[in-house]
Amino acid sequence: MFDTVLIANRGEIALRVVRTCRDMGITSVVVHSGVDADSAAAQAADRRINIGPADPRRSYLYAPAVIEAARLTGAQAVHPGYGFLSEDPDFATICAENGLVFVGPAAEVMARLGDKSTARRMMADAGLPVVPGSREPVGTADEAAEVARRIGYPLIVKAVAGGGGRGMAVVRDAGALLPTFRATRASAQAAFGDNRVYMEQYLYGARHIEIQVLADGHGNVVHLGERDCSVQRRHQKLVEESPAPELPPGLADRLAGYAVAGCRAAGYRGAGTFEFLVRGAEAAFIEVNSRIQVEHPVTEMVTGIDIVREQLRIAAGEPLGFDQDRVERRGASVECRINAEDPARDFAPCPGTLTGFRAPGGPFVRVDTHAFPGAQARPEYDSLLAKVVTWGQDRDQALARMRRALGELRVEGPGVHTTAGLLADVLDDPDFCAGRHDTTLLDRRAAS
């Protein structure tokens, strides 16, 4: 096992990794920008090192600074968390060239899965159902029109290098196709440095179901069950839960089988997530996230497995310490993302200083957060302040505890709004309570 791990991230995920490192007796080093010197993660880590200014392009995304920090602190491995460099195969390669273990899949595997178009082909060849769409990136207006004629409307244009809900746009009729196609290519170039896009049929009214997997370097692959992540705004998740409620009989097992097969086909190693759209009893693969997910705590709550610990063990070359038969899932868990955003202004970010912050507590409540009174929600970074997670013997109990927890949460600061109130309303939505919700839930509520 590693003696020292460098954590190349910030916020709650950096603090989350620090804690598991401490549990495992590993020295943790957190990199931070100048404005994050007093962050919760920097304060909790065994060591911290400043790698640049607030602009992430000159700090958290600047690989030479991260590598130099690892060299100076004697780290043997780099845990990238999520976001920033976590799905950058070039960074994984740079780590290897500098004698560092990247905590994640091999660079070549990450590159293939990060190219969404290639991933679709790979998974289709492995027997996974995929959403009808283009098999190759669509490069011209004529090609876009041809694909649209074949799959029909509505459809969605996605950046090949996209992720995290960015780089995609829905097209509802032929008149909007070419403007949207061109705009998505331009935004993909700006956001990801890659203007390639592909097109899929847009499954309106589908649910977003994903499977957590773990794979070691010894041929062992297990799944940790499914999560329902259907409550989204602009394709970004707000509420996640496990198990997924009201799925047709046998569907969760079928999705898990697809994920394990896809994992083996890709030669995957590490923690990953296979994402599917589900409508009725039909399911279609959409993408693989080759990193730890924001919503991993709900899986940890129902399985009792520390996913970060398993990531580190796998990266160190150790085999999984359990097989599929030993993965037991108990009860139900729900996670609500508390973002510094104003739902009344189309989820506009609300940066500012937190003059007050009180996390909820009580039985079976977990809060992953980097917030505290005096902390700042910075405009340069993601707006996630906290993840409130509850567990119950069944879904109703987990939801009841979540309602209580959100009622206890306090976030105060001039101009700082959060998603907490909206999420409390969602928990009382009749469709959500009955497990009938899908990815259109928030849009339908906004329109009513």
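P154 is found in the loop between α7 (141-151) and β6, where helices (H or I, at least four residues) and strands (E, at least two) are DSSP runs numbered from the N terminus. The peptide bond from Y153 to P154 is cis, with omega near -5°. This is a predicted model, in which local features need pLDDT of at least 70, side-chain atom pairs count only at pLDDT 80 or more, and totals for chains, interfaces and linings use all residues. Residues are numbered from 1 along each chain as its sequence is written, and side-chain values use heavy atoms, with hydrogens and water left out.

**Other backbone features**

- A cis peptide bond also runs from S242 to P243, with omega near -5°.
- P243 sits in the loop between β11 (236-242) and α9 (251-266).
- R234 is not a glycine, yet it has a positive phi of about 50°.
- The loop that holds R234 lies between β10 (221-233) and β11.

**Domains**

- The chain is assigned domain 1 (4-103), domain 2 (132-201) and domain 3 (207-447); such bounds come from an automatic or database domain assignment.
- The centres of domain 2 and domain 3, taken over C-alpha atoms, are 27 Å apart.
- Nine residues from domain 2 and four residues from domain 3 make the contact, which means heavy atoms within 4.5 Å.

**The interface of domain 2 and domain 3**

- The size of an interface is often given as the accessible area lost when the parts come together.
- About 520 Å² is buried between domain 2 and domain 3, and carbon and sulfur atoms give 43% of it; buried area is the accessible area (1.4 Å probe) that two parts lose on being put together, summed over both.
- On the side of domain 2 that touches domain 3, the elements giving two or more residues are β6 (155-163), β7 (166-171) and β8 (197-201).
- β7 gives the most to this side, with three residues.

**The open sheet**

- Five strands form an open sheet in the order β3-β2-β1-β4-β5, with parallel pairing; two strands pair if DSSP finds at least two bridges between them.
- β3 (47-52) and β5 (101-102) are at the edges with a single partner strand each, so one side of each has no neighbour in the sheet.
- β4 (residues 77-79) pairs with β5 in the parallel sense over two bridges.
- Opposite V78 stands F102 in β5.

**Salt bridges**

- The structure holds 40 salt bridges, each a side-chain nitrogen of Lys or Arg within 4 Å of a carboxyl oxygen of Asp or Glu.
- R291 and E87 form a salt bridge, with the closest N and O atoms 2.8 Å apart.
- R291 lies in the loop between β13 (282-289) and α10 (296-303) and E87 in the loop between β4 and α4 (89-97), so this pair ties together parts that are 204 residues apart in sequence.
- Across the interface of domain 2 and domain 3, the rule finds zero salt bridges.
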